[in-house]
Amino acid sequence: MSAMEQLWIYQQADSKVVKYENEMRQDPNRRKLVKLRNYYKEQQNAMQSVEDGVSKTEKTIAQCQSQYEQLKKRLESCSTRTSEDDFSSASEVKSAISDINDIVLKLQQLQQRLQAAVREADGLNRSLRQARSNAQQAKNDYTELKKEYDEQLAVQTEELKKLEAERDALSSGIPPQLIAKYNSVKQRCFPPIAKLVGEKCGGCNMELPAVTLSDASRDGAIVECENCGRILYVK
């Protein structure tokens, strides 16, 4: 049996390995775990964003409360002066009344701003509680499913090792440079070997030039398809 014939048989065994690896990657439980993990990260990011918003809103509330207290003290001072009639002229009275009106207006505006900030903080806290609940549920679901998947993965891993051992056993009579070439082409496309079908590559169905056909027919020749790069196998 020629080296290329052995390599062709090797590829058939390798195909079983690749197929099983793909099945493992596409396993429903594995996909669910990935989805849960990503969702958990999304909720963590959402919590961080909301926490930042809560912190910012709390600072706004604190600033509003501080300004509100300062304005109240100014209003009390102006009111006290007005009630005591502590003015020397009508212009001072007019100025005091103007100050009081200005302070009252600012107090009203500040109160509206404070109420809006409190409403925003309440909404953010509700969102934060929901995000925490969602994250905890996702974590619980992930932990439960992970336990089941780990048991399943252990069985799959043993089966994969068995297939790999069967494949590797077939490489013993194949020249190392040919295996290296096979693995190099495998990085670009799979399967890396294609039969020559008439004058076409069985991998990409591209018609090959006469010189390539001639080279491929020589014993021991390693010839690649000029289009897809697969190793050509002439049976």
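The model is predicted, and local features need pLDDT of at least 70, side-chain atom pairs count only at pLDDT 80 or more, while totals for chains, interfaces and linings use all residues. Residues are numbered from 1 along each chain as its sequence is written, and side-chain values use heavy atoms, with hydrogens and water left out.

**Aromatic pairs**

A pair of aromatic rings is described by the distance of the centres and the angle of the planes. Here rings of Phe, Tyr and Trp (its six-membered ring) pair if their centres lie within 6.5 Å; planes under 30 degrees apart count as stacked, over 60 as edge-to-face and the rest as tilted. The structure holds two such pairs.

Select W8 and Y233. Their ring centres are 5.0 Å apart and the planes meet at 25 degrees, so this pair is stacked. The pair links distant parts of the chain, since W8 sits in helix 1 (residues 3-25) and Y233 in strand 3 (residues 231-233), 225 residues apart. Helices (H or I, at least four residues) and strands (E, at least two) are DSSP runs, numbered from the N terminus. W8 and Y233 are buried, where buried means under 20% relative accessible area, exposed over 50%, and partly exposed in between (1.4 Å probe, protein chains only).

Next select Y10 and Y182. The ring centres of Y10 and Y182 are 5.3 Å apart with planes at 85 degrees, so the pair is edge-to-face. Y10 is in helix 1 and Y182 in helix 4 (residues 176-186), so the pair ties together parts 172 residues apart in sequence. Y10 and Y182 are both buried.

Three of them form an open sheet in the order 2-1-3, with mixed pairing. Strand 2 and strand 3 stand at the edges with a single partner strand each, so one side of each has no neighbour in the sheet. Two strands pair if DSSP finds at least two bridges between them.

Begin with strand 1 (residues 193-197) and strand 3, which run parallel and are joined by three bridges. I193 stands opposite I231 in strand 3, and K195 stands opposite Y233 in strand 3. Y233 has already been visited as the partner of W8 in the stacked pair.

Turn to strand 2 (residues 200-201), which pairs with strand 1 in the antiparallel sense over two bridges. V197 stands opposite K200 in strand 2. Strand 1 and strand 2 form a hairpin with two residues between them, and G198 in the turn has a positive phi of about 65 degrees.

**The largest pocket**

Select S2, M4, R218, D219 and G220, which lie nearest the centre of the largest pocket among its 18 lining residues. On a 1 Å grid over the protein atoms alone, a pocket is an open set of points where a 1.4 Å probe fits, with protein on both sides within 12 Å along at least five of seven lines; lining residues have an atom within 4 Å of a point. About 300 Å³ of space lies in the largest pocket; grid points are joined across faces, edges and corners, and a volume is the space filled by probe spheres set on the points.

Helix 1, helix 4 and strand 3 are the elements that give two or more residues to this lining. The largest share, three residues, comes from helix 1. The lining divides into ten nonpolar, four polar and four charged residues. Ala, Val, Leu, Ile, Met, Phe, Trp, Tyr, Cys and Pro count as nonpolar, Asp, Glu, Lys and Arg as charged, and the others, Gly among them, as polar.

Select D27, in the loop between helix 1 and helix 2. D27 is buried, at 9% relative accessible area. T57 is buried, with a relative accessible area of 5%. A polar atom of the T57 side chain lies 2.8 Å from the backbone oxygen of G53.

Q65 is also in helix 2, and is partly exposed at 42% relative accessible area. Q65 and Y233 are 83 Å apart in space, C-alpha to C-alpha, and 168 residues apart in sequence.

**Backbone exceptions**

Most residues other than glycine have a negative phi, and most peptide bonds are trans. Select F190 and P191, which are joined by a cis peptide bond with omega about 0 degrees. P191 lies in the loop between helix 4 and strand 1.

End at N205, in the loop between strand 2 and helix 5 (210-216). N205 is not a glycine, yet has a positive phi of about 65 degrees. N205 is exposed, with a relative accessible area of 54%.

Methods:
A polar contact is a pair of N or O atoms within 3.5 Å; within protein, one must be able to donate a hydrogen and the other to accept it, and residues adjacent in sequence count only if both atoms are side-chain atoms.
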